[in-house]
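Me: Please go through the ring pairs and nonpolar cores here, with the criterion behind each label.

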Amino acid sequence: MRRILSRLFVVPAIALAVLLLAPAPSANAHGETAQEAFLRMGTVSFWDVKFSATEVEQGEQLKVTGTAKILETWPEQLGEPELGFIGVVAPGPVVIIKERKINGAPAPHAIEVHKGGVYNFEITIAGRRPGRWHVHPIFGIHGAGSLLGPGQYIEVKESGKAFTNPVKLASGQVVDLEKVGMGDVAFWAVVWLVVGLVWLLYWIVPKRTVARLPVTSQIPLNTDGMEYGLITKRDHKAMNVIMAVTLVLLAGGWIYQARAYPEKMPQQVLRFEPEPVAMTPSFVQAKATEARYDDATHTVTMIVDVKNTGTRPATLQGFTTTTLTFPTAGVAEPVDGRSMTVSPSPTVAPGQATKLTLTISDHVWREERLIPIGESRMQITGVLRFKDDAGAENFVTVQSFITSLSA
């Protein structure tokens with residue numbers, strides 16, 4: 001019986017040890033799907049996001065371009081969007097941003113934004129650390145958080161030499177941002193680590209405040225300076241010495257940096273509102289009146305009232321929600337295998353008012369948790385892209401509550 005019981009415990013223990021010692025597989029997930037559906041659909045939409053390359057060497061550059069729009073349906077619970085930042089996000093410092101332009105203007109810092117604003121971005125990044133990395137454009141809104149755009153895997157290959165990031169200073173000197181000042185950072189990190197350890201070990205080793213915590217917790221602190229209690233006169237003297245050393249180091253560090261770096265610039269803060277994108281005059285009006293979802297077929301059906309107020313035929317090119325674009329079948333090429341059907345016809349004649357039925361069947365609704373079942377706001381939001389026969393485009397935001405769910 002003892003042998004049987006020992007085997008019952010030993011075998012699982014060995015298996016557990018093997019699992020713990022085995023190397024863990026690399027994580028491969030999209031954290032943006034953790035955000036609520038109404039946030040991803042109703043705040044910022046991305047379209048025409050492109051990466052100029054998917055493979056680069058260390059130090060080699062690539063461009064991330066696209067368009068982001070802060071939707072008019074921005075949830076009132078988040079507060080008014082006033083300050084935003086467009087950048088890229090990756091799993092750590094594996095790439096670096098070299099240049100960023102918003103609506104054609106250099107934008108190194110945050111920008112002033114507003115609901116309905118359209119922002120064309122061009123971000124130049126360079127590969128830094130070898131590996132295969134998932135990179136996203138990101139639109140951060142002050143006080144609300146960040147929304148991710150469509151991601152792309154970027155392969156950064158070793159260049160055969162150390163990565164450098166040269167920058168020319170105001171003095172004319174060229175420095176490598178990968179190394180500049182790192183000696184001073186390492187030196188002072190060690191100095192303050194030693195000071196901290198001296199203070200910590202003083203209270204742990206001789207006095208055993210941790211080893212004999214039940215005893216020391218019962219001893220009064222003795223803040224009156226007498227010899228009885230946890231803190232004695234000798235302790236006060238020791239702490240005064242450590243404080244004096246700290247003040248001397250602070251003063252010495254200030255004198256050193258003043259001599260070592262005599263030329264200084266104040267922190268630069270450049271915030272501005274980019275010039276608005278040149279928009280085509282509105283020639284289409286659209287309003288979603290109904291939306292349904294069939295979970296069995298993963299199908300969203302949306303009824304949209306459309307009126308062509310222009311003088312040319314207008315054709316619905318596709319529907320964009322959060323980071324996903326569904327081009328109209330027969331009008332535009334599918335994106336990542338995704339498309340939608342439009343009936344009775346995606347083309348609306350000049351002056352015509354009609355109802356269009358948009359049908360999108362795709363597992364992505366479930367995979368990315370985009371149908372807000374069980375959430376506070378059961379609605380679907382997106383942007384319709386219309387184009388007339390002269391090439392002019394309109395992007396119209398539509399939103400509808402999901403009025404019917406079926407399994």
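Reply: The labels are taken up one at a time below. This is a predicted model, in which local features need pLDDT of at least 70, side-chain atom pairs count only at pLDDT 80 or more, and totals for chains, interfaces and linings use all residues. Residues are numbered from 1 along each chain as its sequence is written, and side-chain values use heavy atoms, with hydrogens and water left out.

Me: Why is the pair of phenylalanine 187 and tryptophan 188 called edge-to-face?
Reply: Rings of Phe, Tyr and Trp (its six-membered ring) pair if their centres lie within 6.5 Å; planes under 30 degrees apart count as stacked, over 60 as edge-to-face and the rest as tilted. The structure holds 6 aromatic pairs. In the pair of phenylalanine 187 and tryptophan 188 the centres are 5.2 Å apart and the planes stand at 80 degrees, so the pair is edge-to-face.

Me: What makes the pair of phenylalanine 326 and tryptophan 365 stacked?
Reply: Their ring centres are 5.4 Å apart and their planes lie at 20 degrees, so the stacked label applies.

Me: Why is phenylalanine 326 counted as buried?
Reply: Buried means under 20% relative accessible area, exposed over 50%, partly exposed in between (1.4 Å probe, protein chains only). Phenylalanine 326 has 0% and is therefore buried; tryptophan 365, at 1%, is buried.

Me: Which residues touch the most other members of the largest nonpolar core?
Reply: A nonpolar core is a set of buried Ala, Val, Leu, Ile, Met, Phe, Trp, Tyr and Cys residues joined through side-chain atoms within 4.5 Å. Of its 34 residues, those are Leu358, Trp365, Leu384 and Phe386.
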